[in-house]
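Please open the model in your viewer and keep the selection panel at hand.

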Amino acid sequence: MPQSQSLQNNSRPPLLLQLKGSHPELKDILEASGNWAKKMKDRDPGFFDRIATSQSPNYLYIGCCDARVDPTVLMNVGYGDLFIHRNVGNLVTGSDLNTMSPHIIVCGHYDCGAVRGAHTQMDHGIIENWLRNIRDVARLHNTELAKIPGKEDRHRRLVELNVTEQAFNILKTGSVQRLRKQSYKETGVALPRVHAIVFDPASGALKKLEVNWKEETKEFDSIYNLYPEM
């Protein structure tokens, strides 16, 4: 039986509620995409010819998969200007860095469901595979967080600490260390640059966290520095 016919035969209120007004066969999305493509061609006839050839964005963006946080919109960059990697809680693991750019951005956001979940004593099921990493951040900074009286203030600070720790994870990786030390020797500038930023959905503000990475990593240099001879 065709999928559309099956959906029609079994279209009960719960299914309609789950669809939330969207078309079961994505007709609304496909029509909107066709309209977008036509507008882009009218506005810039060479647009699709350019993006069909190659890509070399200056920015690798690692962010949360929250639907309210659209990286190209909040950073006001053009189509194809970002490599984008998104997951629950904007986490960084070694397997995430499968591409490099001159700038690597870790972007978290306030009112983050993953951070809120990690700060509660309950089992969230399969999502705990991600939340455990944020719980570890809370453990590392428990002394600071415990001194913050307000629940919402603690949440916002944990959002910032999580972003900082995930950015630190980037600096721990061998491939990034090697590239940064090589570029510093050749040009005097360590590339890729690593940035920790936070987006506030309530105001639209994008804030760069001021982190002195040299000072932050100094204490653990004997543990994480994989190229001490360079």
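How many positive and negative side chains does the protein chain have, and how far apart do the centres of the two sets lie? There are 29 positive and 27 negative side chains, with the two centres 0 Å apart; Lys and Arg count as positive and Asp and Glu as negative, whereas His and the chain ends are not counted. Each charge is placed at NZ of Lys, CZ of Arg, CG of Asp or CD of Glu.

This is a predicted model, in which local features need pLDDT of at least 70, side-chain atom pairs count only at pLDDT 80 or more, and totals for chains, interfaces and linings use all residues. Residues are numbered from 1 along each chain as its sequence is written, and side-chain values use heavy atoms, with hydrogens and water left out.

Next, colour the chain by pLDDT, the predictor's confidence in each residue, from 0 to 100. The mean for the protein chain is 89. Select residues 1-7, where pLDDT stays under 50. Where pLDDT is low, the predicted coordinates should not be read in detail.

Now display the largest nonpolar core, which has 34 residues. Such a core is a set of buried (under 20% relative accessible area, 1.4 Å probe, protein chains only) Ala, Val, Leu, Ile, Met, Phe, Trp, Tyr and Cys residues joined through side-chain atoms within 4.5 Å. Select I134 and I170, which have the most contacts (heavy atoms within 4.5 Å) inside this core. Then select α9 (151-172), which contributes the largest share, eight residues.

Finally, select V69, M75, C107 and F199, which are among the nine residues of another core, apart from the previous one.

Technical notes. Buried < 20%, exposed > 50% of the residue type's maximum accessible area, 1.4 Å probe, protein only. Helix = DSSP H or I, 4+ residues; strand = E, 2+ residues; numbered from the N terminus.
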